[in-house]
Amino acid sequence: MAIGYSPYLLIAVFLAAAIIFALLPLLMAYVWARLVSPRKPGYDKNSIYECGLESKGDAWVRFKSEYYLYGIIFLIFDVETIFLLPFAVAFTGLPFGAFLAMLVFLLLLVEGLAWAWQKGVLTWQ
């Protein structure tokens with residue numbers, strides 16, 4: 001073991017690199033904006049612009065919560081089915097216990113789908 005070696009040195013280096021990697025583009029954008037962009041605020045520059053038309057009404061629009069539920073259900077089943085790919089690739093080399101574990105996983109997915117269907121989450125209104 002070398003003198004002065006710390007096992008946390010590598011973690012500190014990675015932490016510093018991560019912080020620099022995150023903050024350096026922000027610093028560069030700030031410097032670029034201060035040096036290059038013009039400072040001429042006015043009515044036209046500060047007005048809300050959407051498709052070349054003046055905005056009408058309130059920007060706060062209510063969305064139905066069913067849309068969010070539908071999206072969350074989609075994401076859950078989409079992400080969970082990604083776990084099937086490694087199992088399918090290594091299927092012939094896996095023991096029977098792995099097959100049973102994947103069968104339980106699939107049954108839980110089907111149970112979640114049946115629950116969402118029974119609750120009416122999947123009906124589009």
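**Buried and exposed nonpolar residues in a predicted model**

Valine 121 is buried, at a relative accessible area of 15%. Buried denotes under 20% relative accessible area, exposed over 50%, and partly exposed in between (1.4 Å probe, protein chains only). The model is predicted: local features need pLDDT of at least 70, side-chain atom pairs count only at pLDDT 80 or more, and totals for chains, interfaces and linings use all residues. Residues are numbered from 1 along each chain as its sequence is written, and side-chain values use heavy atoms, with hydrogens and water left out.

Confidence was examined next. pLDDT is the predictor's confidence in each residue, on a scale from 0 to 100. The chain average is 84, and 91% of the residues score at least 70. Among the elements, helix 1 has the highest mean pLDDT (94) and helix 2 (residues 43-46) the lowest (72). Helices are DSSP runs (H or I, at least four residues), numbered from the N terminus.

Valine 121 sits in the segment after helix 5. Its contacts (heavy atoms within 4.5 Å) are Leu69, Tyr70, Ile73 and Ala116, leaving aside neighbours within four places in sequence. Valine 121 also belongs to the largest nonpolar core, together with Ile73, Phe77, Leu109 and Ala116. Helix 3 (65-82) and helix 5 (96-119) each supply at least two residues of this core. A nonpolar core is a set of buried Ala, Val, Leu, Ile, Met, Phe, Trp, Tyr and Cys residues joined through side-chain atoms within 4.5 Å. In soluble globular proteins, nonpolar side chains tend to be buried together. The C-alpha atom of valine 121 is separated by 44 Å from that of phenylalanine 14, 107 residues apart along the chain.

Valine 79 lies in helix 3. Valine 79 is partly exposed, with a relative accessible area of 41%. Between valine 79 and tryptophan 124, 45 residues apart in sequence, the C-alpha separation is 21 Å.

A nonpolar surface patch of about 990 Å² comprises Ile20, Leu24, Leu27, Met28, Tyr30, Val31, Trp32, Leu35 and Val36. Patch residues have over 30% relative accessible area and no salt bridge, and nonpolar side chains (Val, Leu, Ile, Met, Phe, Trp, Tyr) are joined within 5 Å. A salt bridge is a side-chain nitrogen of Lys or Arg within 4 Å of a carboxyl oxygen of Asp or Glu. Tryptophan 32 is in helix 1 (residues 9-36). Tryptophan 32 is exposed, at 60% relative accessible area. Methionine 28 is also placed in helix 1 and counts as exposed at 52%. Methionine 28 and tyrosine 8 are 30 Å apart, C-alpha to C-alpha, and 20 residues apart in sequence.

Technical notes
Patch = residues over 30% accessible without salt bridge, like charges linked within 9 Å, V, L, I, M, F, W, Y side chains within 5 Å. Areas by Shrake-Rupley, 256 points an atom, 1.4 Å probe, with all protein chains shown as cover.
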